[in-house]
Amino acid sequence: MIIFTRHATLKLSQRKIGKNLVIKTLKNPDKIIPTYGGRMVAFKKFRRLHFKVVFRRKINDVIVITQYWVDK
């Protein structure tokens, strides 16, 4: 199950990003790299921009912390 934190939900709204982009990125990422505190970052390229999703895994769940567009 994919769970969005309050912060992630707020940023989706502020950045006008649909949850479907986050789900697509998590289900079929181009790259996943580990980061600090047990977090992971998933990247997926959409046209010229890359979409970045910061998340962590908890047993059978994926907890989305934040998401945003990056150049590379």
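**Exercise 1. Which residue just after α1 takes a positive phi?**

Solution. The model is a predicted one. Start at helix α1, which spans residues 6-15. Step just past α1 and you reach K16, whose phi is positive, at about 55 degrees.

**Exercise 2. Find the buried side of α1 and say what packs against it.**

Solution. 
- Step 1: pick out buried residues. In α1 these are A8, K11 and L12.
- Step 2: check their directions. They cover an arc of only 105 degrees around the axis, so they sit on the same side of α1.
- Step 3: recall the helix rule. An α-helix has 3.6 residues a turn, so residues three or four places apart point the same way.
- Step 4: look at the face turned away from the buried side. R6 and S13 are the exposed residues there.
- Step 5: find the partners. The buried residues of α1 pack against β1 (2-4), α2 and β5 (61-70).

**Exercise 3. Locate the salt bridge and explain what it ties together.**

Solution. 
- Step 1: count. The structure holds one salt bridge.
- Step 2: name the partners. K44 pairs with D30, and their closest N and O atoms are 3.8 Å apart. The cut-off is 4 Å, so the pair qualifies.
- Step 3: K44 lies in strand β3 (residues 40-46), while D30 lies in the loop between α2 (19-27) and β2 (31-34), so the bridge ties together parts that are 14 residues apart in sequence.
- Step 4: is K44 buried or exposed? K44 has a relative accessible area of 15%. Buried means under 20%, so K44 is buried.

**Exercise 4. Classify the ring pair of F46 and W69.**

Solution. 
- Step 1: the structure holds three aromatic pairs.
- Step 2: in the F46 and W69 pair, the ring centres are 5.9 Å apart and the planes stand at 80 degrees, so the pair is edge-to-face. The angle cut-off for that class is over 60 degrees.
- Step 3: the pair links distant parts of the chain, with F46 in strand β3 and W69 in strand β5, 23 residues apart.
- Step 4: F46 is partly exposed at 21% relative accessible area. W69 is also partly exposed, at 34%.
- Step 5: widen the view. Ring pairs link F46, F51 and W69 into a cluster.

**Exercise 5. Which ring has the charged end of K19 over it?**

Solution. The ring is that of F4. The charged end of K19 sits 4.7 Å from the ring centre.

**Exercise 6. Describe the surroundings of T66.**

Solution. 
- Step 1: T66 is in strand β5.
- Step 2: T66 has 11% relative accessibility and counts as buried.
- Step 3: its side chain makes a polar contact with the side chain of R15, at 3.4 Å.
- Step 4: leave out residues up to four places away in sequence. T66 then touches H7, A8, K11, R15, K52, V53 and V54.

**Exercise 7. Which residues does I3 touch?**

Solution. 
- Step 1: I3 is in strand β1 and is partly exposed, at 33% relative accessible area.
- Step 2: not counting residues up to four places away in sequence, I3 touches D61, V62, I63 and V64.
- Step 3: compare sequence with space. I3 and F55 are 52 residues apart in sequence, yet 9.6 Å apart C-alpha to C-alpha.

Definitions and conventions
Residues are numbered from 1 along each chain as its sequence is written. This is a predicted model: local features need pLDDT of at least 70, side-chain atom pairs count only at pLDDT 80 or more; totals for chains, interfaces and linings use all residues. Side-chain values use heavy atoms; hydrogens and water are left out. A salt bridge is a side-chain nitrogen of Lys or Arg within 4 Å of a carboxyl oxygen of Asp or Glu. Helices (H or I, at least four residues) and strands (E, at least two) are DSSP runs, numbered from the N terminus. Buried means under 20% relative accessible area, exposed over 50%, partly exposed in between (1.4 Å probe, protein chains only). The arc is that of the directions from the helix axis to the C-beta atoms. Contact means heavy atoms within 4.5 Å. Rings of Phe, Tyr and Trp (its six-membered ring) pair if their centres lie within 6.5 Å; planes under 30 degrees apart count as stacked, over 60 as edge-to-face and the rest as tilted. A charge sits over a ring if NZ of Lys or CZ of Arg is within 6 Å of the ring centre and within 35 degrees of the ring normal. A polar contact is a pair of N or O atoms within 3.5 Å; within protein, one must be able to donate a hydrogen and the other to accept it, and residues adjacent in sequence count only if both atoms are side-chain atoms.
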